[in-house]
Amino acid sequence: GALLDAWLEVVAEDAYHRDLLDLLKSPFVFAEVDAAERHGAVLHIEQTIVSENLITGLHLYETALARNGAQPTQPIPSIALELIRRIRRARQACPKTPATLKVWLSRLEEALSLLGALPPLRADAAGASVLELIAARREELAEADLTLGFPEWRDWLNRELETQMFRDRSISSPVLMTHLTAARLRTF
């Protein structure tokens, strides 16, 4: 959920620097990049944002990183630049133009793929549950022709995520955490 929220904030606010850093610090994005190198790249991006006094705009981050030493001989700045470029490509795959729910969900999945988030999400019990929900809704809504703008789609997605109950099947416990509405007709 936190990954989706961070991504949608990046899309909504043209990569506001705090949202961008939240996304970059997620353990689910760019998991194929060595952890130490990714950490160094995120730190380099953060330092560039501060030194250049940047607030928003992927193109501005990319320009500043390219100007500030992204060369093949310096791996961390080069990795930082590549991460921003991958986020820009994912952002381009997820335009805010109105679309059907199926198209919105396909855009989201494509963006997650470009961010390298799909394999780690599939390996995580909660992440797999989210991906299953996205795939199920995309299939169920394949014929729906309702067109939504980005804010309406985001509200719809948030409601869909909130209605889902996640239970980690690997944990065996008599305790069940649930919301008040789902507690109806249960014995206590």
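Which residues are linked in a network of salt bridges with Glu 9? The points below take this up, then turn to other pairs and to one helix contact.

1. The network. This is a predicted model. In it, Asp 5, Glu 9 and Arg 154 are linked in a network of salt bridges. The total number of salt bridges comes to 11.

2. Arg 154 and Glu 9. Their side chains form a salt bridge, with N to O at 2.4 Å. Arg 154 sits in helix H9, residues 150-163, and Glu 9 in helix H1, residues 2-12, so the pair ties together parts that are 145 residues apart in sequence. Arg 154 is buried, at a relative accessible area of 13%. Glu 9 is partly exposed, at 23% relative accessibility. The cut-off matters here: buried means under 20%.

3. Arg 86 and Glu 32. A salt bridge joins these two, and the closest N and O atoms are 2.4 Å apart. Arg 86 belongs to helix H5, residues 75-92, while Glu 32 is in the loop between helix H2 (17-24) and helix H3 (35-52), so the pair ties together parts that are 54 residues apart in sequence. Arg 86 counts as buried, with 15% relative accessibility.

4. Glu 82 and Arg 89. This pair also forms a salt bridge. The closest N and O atoms are 3.0 Å apart. Glu 82 is partly exposed, at 34% relative accessibility. Arg 89 is likewise partly exposed, at 34%.

5. How H3 and H5 cross. Two packed helices are described by the angle between their axes and by the distance between the axes. For H3 and H5, the axes come within 8 Å. They cross at roughly 80°. The range for roughly perpendicular is 65 to 115 degrees, and H3 and H5 are therefore roughly perpendicular to each other.

6. What meets at the H3 and H5 contact. On the H3 side are Glu 37, Arg 38, Gly 40, Ala 41, His 44 and Ile 45. On the H5 side are Ile 76, Pro 77, Ile 79, Ala 80, Leu 83 and Ile 84. By class, the contact has eight nonpolar, two polar and two charged residues.

7. Points to inspect. For the network, view Asp 5, Glu 9 and Arg 154 together. For the helix contact, view H3 against H5, where the axes cross at roughly 80°. For the loop between H2 and H3, view Glu 32 with Arg 86 of H5.

Technical notes: Residues numbered from 1 in each chain as written. Predicted model: local features only at pLDDT ≥ 70, side-chain atom pairs only at ≥ 80, totals over all residues. Heavy atoms only, no water. Salt bridge = Lys/Arg side-chain N within 4 Å of Asp/Glu carboxyl O. Helix = DSSP H or I, 4+ residues; strand = E, 2+ residues; numbered from the N terminus. Buried < 20%, exposed > 50% of the residue type's maximum accessible area, 1.4 Å probe, protein only. Axes fitted to C-alpha atoms, helices over the stretch in contact; angles between N-to-C directions. Parallel < 35°, antiparallel > 145°, perpendicular 65-115°, else oblique. Contact = heavy atoms within 4.5 Å. Nonpolar A, V, L, I, M, F, W, Y, C, P; charged D, E, K, R; others polar.
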